[in-house]
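Hi,

Here is the structure I promised to pass on. Have a look at it, and below it you will find my notes.

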Amino acid sequence: WLCYEHFKTALSHRYRTYHLGTYEVDPGKLLAGSLANAMGTIVGNPLDVIKTRIQMDTGNAHYKGFWDAFRRLWAAEGLRGMTRGLLPDLCSSLFIGAWGAMTYELVLHLSLKKPQASADSTSKPPAGGAT
């Protein structure tokens, strides 16, 4: 969430905030969540490609381990091989990041919201005679 907080600080003041009841929707926060999640996807995708190659290598023993798979994949396919499947992952991560940011901000908003005491509860003693 470090990237999210950084992007949120940079982007949240640039967009108009929309009010849905007592909750505020800030498009800058949605964009920040999308960008932060996209960064994680870009960094993690090559690791996922290597993991998948090792898992698919059952019985052949083509790869001796992670670094061997990395070296062979880089030598054979280069950057293109390391980024296989990145575009579909990015498309889904943009939506997931926006929804995650919105959920995070909503839970944060609700958890920090102070309950309002009603006027009746302050003037009447509790039921049962306890004071």
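Three aromatic pairs turn up in this predicted model, where rings of Phe, Tyr and Trp (its six-membered ring) pair if their centres lie within 6.5 Å, with planes under 30 degrees apart counted as stacked, over 60 as edge-to-face and the rest as tilted. Tyr-4 and Tyr-104 make an edge-to-face pair, because their ring centres are 5.9 Å apart and their planes stand at 90°. This pair connects distant parts of the chain, since Tyr-4 belongs to helix 1 and Tyr-104 to helix 4, 100 residues apart. Helices (H or I, at least four residues) and strands (E, at least two) are DSSP runs, numbered from the N terminus.

Tyr-4 is buried, with a relative accessible area of 1%, while Tyr-104 is partly exposed, at 31%.

Trp-67 and Phe-70 form another edge-to-face pair, 5.9 Å from centre to centre and with 80° between the planes. Both residues sit in helix 3, three residues apart, which is about one turn of the helix. Trp-67 counts as exposed, with a relative accessibility of 56%, and Phe-70 as partly exposed, with a relative accessible area of 30%. Together with Phe-66, Trp-67 and Phe-70 make up one aromatic cluster.

A word on conventions before the rest. Residues are numbered from 1 along each chain as its sequence is written. The model is predicted, so local features need pLDDT of at least 70 and side-chain atom pairs count only at pLDDT 80 or more, whereas totals for chains, interfaces and linings use all residues; side-chain values use heavy atoms, with hydrogens and water left out.

How do helix 1 and helix 4 pack, and at what angle? Helix 1 (residues 2–11) and helix 4 (residues 86–112) pack at about 80°, and their axes are 12 Å apart; axes are lines fitted to C-alpha atoms, for helices over the stretch in contact, and angles run from 0 to 180 degrees between N-to-C directions. Helix 1 is therefore roughly perpendicular to helix 4, on a scale where angles under 35 degrees count as roughly parallel, over 145 as roughly antiparallel, 65 to 115 as roughly perpendicular and the rest as oblique. Tyr-4, Glu-5 and Lys-8 of helix 1 make the contact with Ala-101, Tyr-104 and Glu-105 of helix 4, contact meaning heavy atoms within 4.5 Å. By class, three of these residues are nonpolar, none is polar and three are charged. Here Ala, Val, Leu, Ile, Met, Phe, Trp, Tyr, Cys and Pro count as nonpolar, Asp, Glu, Lys and Arg as charged, and the others, Gly among them, as polar.

Leu-86, in helix 4, is buried, with a relative accessible area of 18%. Leaving out residues up to four places away in sequence, Leu-86 touches Thr-41, Ile-42 and Asn-45. Thr-41 lies in helix 2 (residues 27–56) and counts as buried, at 15% relative accessibility. With the residues up to four places away again not counted, Thr-41 touches Leu-86, Asp-89, Leu-90 and Ser-93. Ile-96, also found in helix 4, counts as exposed at 54% relative accessibility. Its C-alpha atom is 7.6 Å from that of Asn-37, 59 residues away along the chain.

Arg-72 is in helix 3 (residues 66–82) and counts as partly exposed, with 34% relative accessibility. Beyond its neighbours within four places in sequence, Arg-72 contacts His-62 and Tyr-63. The C-alpha atoms of Arg-72 and His-62 are separated by 9.6 Å.

Finally, the chain overall. Five helices and two strands make up its secondary structure, in the order α-β-β-α-α-α-α from the N terminus. Of its 131 residues, 24% count as buried. Among contacts between residues at least 6 apart in sequence, 61% join residues at least 24 apart.

Best wishes

Conventions
Buried means under 20% relative accessible area, exposed over 50%, partly exposed in between (1.4 Å probe, protein chains only).
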